[in-house]
Amino acid sequence: MKAGIIVFPGINRERDMAIALERSAGKKPRMVWHRETDLSDLDLVVIPGGFSYGDYLRCGAMAAQSPIMAAIRGHAARGGHVLGVCNGFQILTEAGLLPGALLRNQGLRFLAMDCHLRVERADTDFTRHYQRGEVFRAPMAHGDGNYFADDATLDLLEGEGRVIFRYATPSGEVTPAANRNGSARNIAGIASANLRVLGLMPHPEDLVDPLMGGEDGKPLFDSITAALAA
Amino acid sequence: MKAVVTVMLKAGVLDPQGKAIGQALAGLGFSGVGEVRAGKVIEIELTGTDPEAAKTQAEEMARKLLANTVIESFRVEVA
Amino acid sequence: MARDVNQALAREFGLSAGEYRNVLEIMGRTPSLTELGVFSVMWSEHCSYKSSRVWLKQLPTKAPWVIHGPGENAGVVDIGEGLAAIFKMESHNHPSFIEPYQGAATGVGGILRDVFTMGARPIANLNALRFGDPKLARTRRIFDGVVRGIGGYGNCVGVPTVGGEIDFHPAYNGNPLVNAMTVGIADKTKIFLSAAAGIGNPVVYVGSKTGRDGIHGATMASAEFGADSEEKRPTVQVGDPFVEKLLIEACLELMATDAIVAIQDMGAAGLTSSSVEMAGKGGVGIELNLDHVPQRETDMTAYEMMLSESQERMLMVLRPDRQDIARAIFEKWELDFAVIGHLTDTGRIVITHNGQVEADIPLAPLADQAPLYHRPTEETPPQPPLGPVADPVGLGAALRTLIACPDLCSRRWVWEQYDYTIGGQTVMRPGAADAAIVKLDGRSRALALTTDCTPRYVQADPEAGGAQAVAEAWRNITATGALPLAITDNMNFANPEKPRIMGQFAAAIRGMAAACIALDFPVVSGNVSLYNETEGKPILPTPAIGGLGVLEDAAQAVGYALAPGLDLVLIGTTQGWLGQSLWLREVTGREAGPPPPVDLAAERRHGDFVRGEILAGRIAACHDLADGGALIALAEMALAGDTGITVEPGGDAAIWFGEDQGRYILATADSAGLLGRAAAAGVPAQRIGASGGALLTLPDGDTISLAELRRLHEAFLPGWMDGAS
């Protein structure tokens, strides 16, 4: 698997992502500066977390207009794999590669804590190393992670099986208390229709080492590494 | 001339900031406060002189970048 | 701004009559407005340390592992494997009172620049915060703004906020303290300093544009607040963490080349202090043409540009043949890059603007003749002994009160707004251990980081309190298994012109120095913040200590979360010291008595023993004993590990809530072995309980469920901040 991490100005979790990818894939991903335009060497394009353009205007809005987005769109259109985490998820929705939008957290405060995610589908290239219904822990760290889409879009996502992760209790119940940012239907991560573009708010890349408190996030990177093993 | 773009969350999109402002106003003793909604105002200096063209241009900017029409609506005024 | 320069204006600028006379003598004429501005900020308390310098010299600053002590932008210590840790703590107290969000945010930004300007990638932020009485609406507003500001800036620049401390006391009602600490890592052979060199070399300005923000911030930080302080709002600077992030990346990219001769951030007093200090340290002259300074506002005067405290700016001296490489890097990061002058051999700073010479000052006398005051001191009289104290409530009620009180309740509400996992190296998160543990990327080595001070002890006995602050930082690092290496100090005191306050300062330094020497824990950087009083009401003297230690293997670190099936052993001597304890204050309503004495030899012996046991892999959890004493420490261990404790019977409130120093609680599977080794090492140790179940069983047989304890512990901050709005 050849992975590349897109670096927009203000992105700040690119190194965390590189550590997680290297841990699973055994080789370093390529850091791709946002002014580059050629992604044809990559199997997996990752947009990491951070505050691209300072989160000014709206989170991800300015990055979504950046020239490299044309290349990312092309990669996705060719059936390539794209992973967007946190700000990366926001950028994917702003660019229209995933539906919906991420609003301010319902409590209007930044949330830095571990959350629990229930795996809704274990038959995607990103989740095969999890079991369906399995719950795993992931740190979250965001001010704008409140997933919103209109009811028709939400119904479509559910109908097509594109909700991949939901906020849940450690025992897997989908409750309002487990949904700290207020996301519609507890949605933490969704995929494109072909299941190859995945966006999620929490940070599985920050929990891939027992020393940091666990390896709950590692199956996600093991899954995509296995799926794209050349 | 100057284009003023007002961006608001669409009706039906929960606006926790507006809600918090409303509660704070009530807490300060202001009575008769109904729904409060918070948005943003973006002022853009434009070098052109044709107000119609400026408006069209600012609307294009709003659609493309300044507003996210999934969740927001906008209004453009040119002065 | 066409004002005549005279003594009256000099006074407005914060210069005394004597200081202004010196200015006239150095200049040999009446200074221009810009020149007066330069003198006033360089000779302000903030930049010149004129009241504190004579005392600061008493602090030990050397050790074989110290690479750079005080005098550079931050302190530098050797942490092994060819790496250096670069760190410092700095106050942003006055700006945080006037505008809490921006004050705290720009405090974080400023200390980050002090660290990355030396070539380090910042890997951790901490903050030591003091607020007034929580019953006041103003305290709540300031607290909210400060927490949001620290989070807003730190989260955006992408440096994890991993630790810190918070105290409440009415003495901070009109003067909160916001002390921010940053720790960075660099190759120890590639440390960047600020001394300019190379006549003719270009002086380069990078970062954000200059506006009129914060003019006279340095002199504001050097004067008492009056009732009109809120009117000074327009001088507050606004931070842009996005630009700071770009500046970090651009500077580190440039530092990988050999382009930089010297570099310094533009902090307090902006362009003035950076250019004067760089040229002064290098023993060269400097000529600046302000026409080339990137400006955000129109028609700025030389005076305004020299004194602006616009954020996110740096000044560099470059090798002329590398100027184009540097320019390309800053343009890539979309930051301003401007050559605004060059170094000269004149020994003077010459500032021109619009073809006019606006300032021409000899640098040596500006530095050498900076005021230095040996201000009168008056010792704080010793507190009368406390005498016998009756326990009005019993152990269970006192525990319930203390675990929920503002000074001891959970800080979860705060740290959940700070990104503490970014970087993927946070081994011990907030609330998990006595010091935060941050691993070095790609290595097994880790740093242990803490901030500490117990201001009520310092108030009651400044010397003992100063020693205690250092000892507690050392103890907190030791309790994780790490070896303490060095400290940064942030000396927050009131008006130094009052002998009692200057006496507090001098005594605190004495105590700190003794502890630093006894514990091999030198001071490598620091900051002094004086005049922390509003309308004559002084703060508690607060010498906040930021401590740094190193662990060769991060996997050896222990926290205080308790697992079941372990014995709990108390290390150290318990007399039952209630003077200045939180039990005395929260349960009996008294702030009285002398604070607990610190026996530095015992501190060292106990700590070295504890660290040895941890590194030998025999300890499952460790917690130092501090505010609230043994029973609070046990409760915190139980809550962190969600495991109950049965405490051995016997002992009264003084035994269980006394704040005797030099103590730890260790959790171990083999208490007999531990007690034997302690006896052999001459370290007092006793088994005080065992872990298991879901109850805390107190020495008097009373029980409290972990669920109730947790509810009490977690209630205050969310209820105070979110519940009442």
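**Figure 1. Salt bridges in the predicted model.** Over all chains, the structure holds 76 salt bridges, and the model in which they are found is a predicted one. One of these pairs joins R185(A) to D151(A), whose closest N and O atoms are 3.8 Å apart. This pair links distant parts of the chain, 34 residues apart: R185(A) belongs to the loop between β9 (163–168) and β10 (187–191) of chain A, and D151(A) to helix α4 (residues 151–159) of chain A. R185(A) counts as partly exposed, at 32% relative accessibility, whereas D151(A) is exposed, with a relative accessible area of 54%. Both residues take part in a network of salt bridges that also includes R118(A), E120(A), D155(A), E158(A) and R166(A).

**Figure 2. Salt bridges between buried residues of chain C.** D265(C) and R113(C) form a salt bridge in which the closest N and O atoms are 3.8 Å apart. The partners are 152 residues apart and link distant parts of the chain, with D265(C) in strand β8 (residues 260–265) and R113(C) in helix α7 (residues 100–116) of chain C. D265(C) counts as buried because its relative accessibility is 5%, under the cut-off of 20%. R113(C) is likewise buried, with a relative accessible area of 1%. A second pair is D167(C) with R130(C), where the closest N and O atoms are 3.0 Å apart. Here two strands of chain C are linked, D167(C) being in β5 (residues 161–168) and R130(C) in β4 (residues 121–131). Both D167(C) and R130(C) are buried.

**Figure 3. The interface of chain C and chain A.** In this interface, 36 residues of chain C are in contact with 30 residues of chain A. The two chains bury about 2700 Å² between them, 52% of it on carbon and sulfur atoms. F242(C), E416(C) and R429(C) supply 20% of the area that chain C buries against chain A, more than any other three residues. Five salt bridges are found across this interface. E334(C) forms a salt bridge with R35(A), with the closest N and O atoms 2.7 Å apart. E334(C) lies in the loop between α13 (323–332) and β11 (336–344) of chain C and counts as partly exposed, at 46% relative accessibility. Most residues other than glycine have a negative phi. E334(C), however, has a positive phi of about 60° although it is not a glycine.

**Figure 4. The interface of chain A and chain B.** Here 14 residues of chain A are in contact with 17 residues of chain B. The chains bury about 1200 Å² between them, and 67% of this area is on carbon and sulfur atoms. One salt bridge is found across the interface. E72(B) forms a salt bridge with R58(A), the closest N and O atoms being 3.4 Å apart.

Figure 5. In soluble globular proteins, nonpolar side chains tend to be buried together. The largest nonpolar core has 104 residues, and those with the most contacts inside it include F8(A), L44(A) and F330(C). Helix α10 (residues 241–255) of chain C gives the most to this core, with ten residues. Apart from it lies another core of 61 residues, among them M491(C) and V523(C). V33(B) is found in the loop between α1 (16–27) and β2 (39–45) of chain B, and it is partly exposed, with a relative accessible area of 37%.

Note on methods
Residues numbered from 1 in each chain as written. Chains lettered and ligands numbered in written order. Predicted model: local features only at pLDDT ≥ 70, side-chain atom pairs only at ≥ 80, totals over all residues. Heavy atoms only, no water. Helix = DSSP H or I, 4+ residues; strand = E, 2+ residues; numbered from the N terminus. Buried < 20%, exposed > 50% of the residue type's maximum accessible area, 1.4 Å probe, protein only. Core = buried A, V, L, I, M, F, W, Y, C linked by side-chain atoms within 4.5 Å. Contact = heavy atoms within 4.5 Å. Buried area = accessible area lost by both parts, 1.4 Å probe. Salt bridge = Lys/Arg side-chain N within 4 Å of Asp/Glu carboxyl O.
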